[in-house]
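Please read them with the structure open beside you.

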Amino acid sequence: MSFLEGAMLALFFTLPFAIYRLVRGPTLPDRVVGLDLITTVAVALAALYAMVSGQTAFLDVATALALFAFLATLGLARYIEYRGQKGE
Amino acid sequence: MLELLVYALVAGGVFFLFIAAIGVVRMPDLYNRMHATSKAGTLGVGLILLAVAAFYQELAVAARALATLAFIILTAPVAAHALGRAAYLSGVKPCESTYVDELAGHYQKNHRLTSVEKAPPKEP
């Protein structure tokens, strides 16, 4: 296993932490933070795989994923603000 | 030599993403957790994208990696600000050991977005 593959494997072990926050909450913005970290790690994994596989098309995957994550966070933030004062 | 630089950047990126993952679990409230993901997470993924630019020494690939890096650096604070503002306005409380709330009194009690205020009243 090369160094870069080891780095990808190490990054997979950050996902349970983010999924824990996504599942446990306790509030809706907490879950959005967990989702945000998952997509950040996914962008890093796509960039690493672009080096491991030698296919630079995975960089485009990383770009699209970053754009999607930004729009999703903005949309969820707008929904949380729109919903108003309501605890979960 | 350049290979060493790539390995150092990747190791730093994985390290900071781990710091972000630990922070998102261990920090006491939402605002501290957002601090962990938006700063350490952005730094981690940025270091890995720099490693990609150094690994492929071609202009086309480096430009794409650096453009992604610039996009993430530009959008991460915006997303964190929008989410933090929404959480504060929807009444998410900071943790017990927070003494100073500098935003207190700067927003009206029943803050609503304008599109909500203009919405037609519900039929009874």
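1. The largest nonpolar core has 56 residues, and those with the most contacts inside it are L11(A), L48(A), M51(A), V10(B) and I48(B). A nonpolar core here is a set of buried Ala, Val, Leu, Ile, Met, Phe, Trp, Tyr and Cys residues joined through side-chain atoms within 4.5 Å, where buried means under 20% relative accessible area, calculated with a 1.4 Å probe and protein chains only. At least two residues of this core come from each of helix 1 (3-12), helix 2 (15-24), helix 3 (28-53) and helix 4 (57-83) of chain A, and likewise from each of helix 1 (2-26), helix 2 (30-55) and helix 3 (59-89) of chain B. Helix 3 of chain A gives the most, with 14 residues; helices are DSSP runs (H or I, at least four residues) and strands likewise (E, at least two), numbered from the N terminus.

2. On the basis of these values, the model is a predicted one, in which local features need pLDDT of at least 70 and side-chain atom pairs count only at pLDDT 80 or more, while totals for chains, interfaces and linings use all residues. Residues are numbered from 1 along each chain as its sequence is written, chains are lettered from A and ligands numbered from 1 in the order in which they are written, and side-chain values use heavy atoms, with hydrogens and water left out.

3. Contact means heavy atoms within 4.5 Å.

4. Chain A comes to four helices and zero strands, in the pattern α-α-α-α along the sequence. Its radius of gyration, taken over C-alpha atoms, is 16 Å, well over the 12 Å that the globule rule (2.2 Å times the number of residues to the power 0.38) gives for 88 residues, so chain A is more spread out than a compact globule. The C-alpha trace of chain A spans about 50 × 25 × 10 Å along its principal axes, and 43% of its 88 residues count as buried.

5. A87(B), found in helix 3 of chain B, is buried, with a relative accessible area of 0%. Leaving aside neighbours within four places in sequence, A87(B) is in contact with P29(A), L30(B), Y31(B) and V92(B). Of these, L30(B) is 57 residues away from A87(B) in sequence, yet 8.4 Å away in space, C-alpha to C-alpha.

Notes: Buried means under 20% relative accessible area, exposed over 50%, partly exposed in between (1.4 Å probe, protein chains only).
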